Amino acid sequence: MGEQIGRTSEGLSRRETLRLLSAAAAVGIFGEAPSPAPAAMRARPIPSTGETLPVVGIGTWRTFDVGSSPSERGPLEEVVALFRERGGRVVDSSPMYGRSEGVVGEIAQKLGATESLFFATKVWTTGREAGIEQMERSARELRTRRIDLEQVHNLVDVRTHLPTLRSWKEQGRIRYLGITHYSSGAYADVEQLLRSEKLDFLQINYSLAEPEAGDRLLPLAAERGIAVLVNRPFGGGDALRRASRTELPGWAAELGCRSWAQLFLKWILANPAVTCVIPGTGRRRHLEDNLGAAEGSLPDESARRRMARAAAAAM
Ligand SMILES: NC(=O)c1ccc[n+]([C@@H]2O[C@H](COP(=O)([O-])OP(=O)(O)OC[C@H]3O[C@@H](n4cnc5c(N)ncnc54)[C@H](OP(=O)(O)O)[C@@H]3O)[C@@H](O)[C@H]2O)c1
């Protein structure tokens with residue numbers, strides 16, 4: 001699957017065009033300089049359209065479920081601002097994540113970043129009407145008219161929601177549809193859906209701590225032309241915390257890894273079936289670290305095996 005640094009060769013997306021037009025309008029009307037264009041990050045295509053996505057995104061579970069005080073919001077505003085500045089686009093959330101959708105939606109709006117971000121959220125309820133209500137609420141919380149990616153969370157009532165998602169996609173209320181899970185216990189059901197349904201995205205756990213999706217699901221997603229978002233890249237954080245107690249091997253620097261987090265992420269990104277990885281963080285320092293994994297080269301198979309051995313010994 002092709003990979004690019006920066007923009008799609010097909011030219012500007014509709015969103016980018018709108019963003020540039022609105023920036024131009026701002027200059028024309030108010031004489032203001034537009035905010036600097038985001039930096040380019042390594043990007044990969046969504047197979048169903050060819051639109052490219054930067055390879056490091058951000059998850060919002062727990063980290064964005066905060067109140068409205070400046071001490072809670074300030075660090076997250078910094079995170080979203082840095083993310084955008086460095087060319088990040090994919091932000092993953094869910095109605096299951098407490099206040100997260102509303103918090104990230106409000107911050108994005110305040111920063112004028114709503115249009116440039118790629119909002120992925122989920123439907124996590126049973127019943128058609130409840131699903132529709134939840135998706136409408138998500139759009140309000142994210143402060144967007146159109147959700148980029150709507151996913152059926154943990155396959156909850158998936159057969160009911162997929163027809164709704166298809167109809168919303170036809171109406172242009174969502175741009176892409178997909179399914180998510182986080183546990184190998186559900187892989188047989190996930191596999192069956194990948195084979196039988198036309199999906200744009202699969203979101204699944206895949207990491208040095210939980211590598212099983214690499215056996216069948218990721219090759220199948222590639223074969224079926226389905227983009228992959230990787231959740232739990234640090235095994236939910238525990239695997240990374242355990243590994244970080246051991247010193248990073250000296251050879252990691254030769255692979256462009258300055259931290260265990262980068263080693264975990266580069267191992268994931270080296271799988272060509274992966275479109276984007278979405279580590280969860282609410283800290284600027286950690287985001288900076290994670291974004292670093294998009295830079296430089298990616299390990300080959302023998303380097304990946306070496307990384308896996310080192311991580312297994314350290315975790
Ligand atoms: N079924 C599903 O659809 C599903 C399930 C699970 C997750 N998800 C999505 O995937 C995202 C990622 O998964 P996750 O949040 O469960 O787990 P994760 O990304 O594997 O780990 C997150 C943890 O790692 C820490 N961390 C992040 N970057 C770090 C760094 N550079 N150095 C040290 N620690 C770092 C974070 O703490 P700090 O905040 O302190 O940085 C947080 O505690 C979620 O936020 C969510 O959007 C979806």
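This section describes the fold, aromatic pairs, helix packing and selected loop and strand residues of a predicted model. Local features were taken at pLDDT of at least 70 and side-chain atom pairs at pLDDT 80 or more, while totals for chains, interfaces and linings use all residues. Residues are numbered from 1 along each chain as its sequence is written, and side-chain values use heavy atoms, with hydrogens and water left out.

The chain has eleven helices and eleven strands. These elements are DSSP runs numbered from the N terminus: helices are H or I runs of at least four residues, and strands are E runs of at least two. The chain holds 315 residues, and 53% of them count as buried. Buried means under 20% relative accessible area, exposed means over 50%, and partly exposed lies in between (1.4 Å probe, protein chains only). Contact means heavy atoms within 4.5 Å. Among contacts between residues at least 6 apart in sequence, 76% join residues at least 24 apart.

A search of the whole structure finds seven aromatic pairs. Rings of Phe, Tyr and Trp (its six-membered ring) pair if their centres lie within 6.5 Å; planes under 30 degrees apart count as stacked, over 60 as edge-to-face and the rest as tilted. Phe118 is buried, at a relative accessible area of 0%. Phe201 is buried, with a relative accessibility of 0%. Phe118 and Phe201 form one aromatic cluster with Tyr176.

Tyr206 and Trp267 make another pair. Their ring centres are 5.0 Å apart and their planes are at 35°, so the pair is tilted. Tyr206 lies in the loop between β9 and α7 (217-224) and Trp267 in helix α9 (residues 260-269), so parts 61 residues apart in sequence are tied together. Both Tyr206 and Trp267 are buried.

Charges also sit over rings. The criterion is NZ of Lys or CZ of Arg within 6 Å of the ring centre and within 35 degrees of the ring normal. The charged end of Arg304 sits over the ring of Trp267, 4.2 Å from its centre. Arg62 lies over the face of Trp61, at 4.1 Å from the ring centre.

Trp267 belongs to a buried helix. Ten of the ten residues of α9 are buried, so α9 is largely enclosed by the rest of the structure. Among the buried residues of α9 are Trp260, Phe264, Lys266 and Trp267. Their cover includes β2 (42-45), β10 (227-231), α8 (238-243), β11 (276-277), α10 (284-292) and α11 (301-314).

Helix α6 (residues 187-196) packs with α7 at an angle of about 10°, with the axes 10 Å apart. Axes are lines fitted to C-alpha atoms, for helices over the stretch in contact, and angles run from 0 to 180 degrees between N-to-C directions. Helices α6 and α7 are therefore roughly parallel to each other. Angles under 35 degrees count as roughly parallel, over 145 as roughly antiparallel, 65 to 115 as roughly perpendicular and the rest as oblique. From α6, Tyr187, Val190, Glu191, Leu194, Arg195 and Ser196 meet Leu217, Leu220, Ala221 and Arg224 of α7. The residues of this contact divide into six nonpolar, one polar and three charged. Here Ala, Val, Leu, Ile, Met, Phe, Trp, Tyr, Cys and Pro count as nonpolar, Asp, Glu, Lys and Arg as charged, and the others, Gly among them, as polar.

Leu177 is found in strand β8 (residues 174-180). Leu177 is buried, at 3% relative accessibility. Its contacts, beyond residues up to four places away in sequence, include Leu149, Leu162, Leu199 and Phe201. The C-alpha atoms of Leu177 and Ile147 are 9.8 Å apart, at a sequence separation of 30 residues.

The loop between β7 (147-152) and α5 (158-170) contains Asp157. Its phi is near 50°, a positive value in a residue other than glycine. Asp157 is partly exposed, at 26% relative accessibility. Leu155 is in the loop between β7 and α5, and is buried at 13%. Leu155 touches residues including Ile179, His181, Val190 and Leu193. In the loop between β10 and α8, Arg232 has phi near 50°, again positive in a residue other than glycine.
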